[in-house]
Amino acid sequence: YEDWMMTDGYEGYYLFDNAKDCCDMWYPTRTDCPDTGSIVTPDAEDEAWYMGPYQGSNYYFPDFDMNSCARGRDYPAWM
């Protein structure tokens, strides 16, 4: 997911602990939600450096490119 989804109160609308909540809010008519076709945040070579000493949390979030919910963690947009 993108960093802005975690800021300024947006997380309640964009980040979910389970797929059903994300799909119900963003894609209620899709029967194939969440998207399980690909990994959204594959392992990055510098993940340990970027994440610091604490692991980032994975969340379900609306993936606007896929028109479905996906699961992943916060990475800079250029990754």
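Residues 24 or more positions apart account for 61% of the contacts with a separation of 6 or more in the protein chain. A contact here means heavy atoms within 4.5 Å. This is a predicted model: local features need pLDDT of at least 70, side-chain atom pairs count only at pLDDT 80 or more, and totals for chains, interfaces and linings use all residues. Residues are numbered from 1 along each chain as its sequence is written, and side-chain values use heavy atoms, with hydrogens and water left out.

**Overall layout**

The protein chain has three helices and two strands. From the N terminus the order is α-α-α-β-β. Helices (H or I, at least four residues) and strands (E, at least two) are DSSP runs, numbered from the N terminus. The chain has 79 residues, and 33% of them count as buried. Buried means under 20% relative accessible area, exposed means over 50%, and partly exposed lies in between (1.4 Å probe, protein chains only). The accessible surface comes to about 5,600 Å², and carbon and sulfur atoms hold 50% of that. Accessible areas come from the Shrake-Rupley method with a 1.4 Å probe; for residues, only the protein chains shown count as cover.

W4 sits in the segment before helix 1 (11-14). W4 is partly exposed, at 34% relative accessible area. Together with Y10 and F64, W4 forms a nonpolar surface patch of about 300 Å² accessible area. Such patches take residues with over 30% relative accessible area and no salt bridge; nonpolar side chains (Val, Leu, Ile, Met, Phe, Trp, Tyr) are joined within 5 Å, like charges within 9 Å.

W26 belongs to helix 2 (residues 19-26). Its relative accessible area is 28%, so W26 counts as partly exposed. Leaving aside residues up to four places away in sequence, W26 touches Y13, Y14, F16, P62 and F64. Y13 is 13 residues from W26 in sequence, with the C-alpha atoms 9.1 Å apart. A polar side-chain atom of W26 lies 2.8 Å from the backbone oxygen of Y13.

**Salt bridges**

The whole structure holds two salt bridges. The term requires a side-chain nitrogen of Lys or Arg within 4 Å of a carboxyl oxygen of Asp or Glu.

| Pair | N to O distance |
|---|---|
| D24 and K20 | 2.6 Å |
| R30 and D32 | 2.7 Å |

D24 and K20 both lie in helix 2, four residues apart, or about one turn of the helix. D24 is partly exposed at 43% relative accessibility, while K20 is exposed at 55%. R30 is partly exposed at 30%. D32 is partly exposed at 44%.

Definitions and conventions: Polar contact = N/O pair within 3.5 Å; in protein donor to acceptor, adjacent residues only side chain to side chain.
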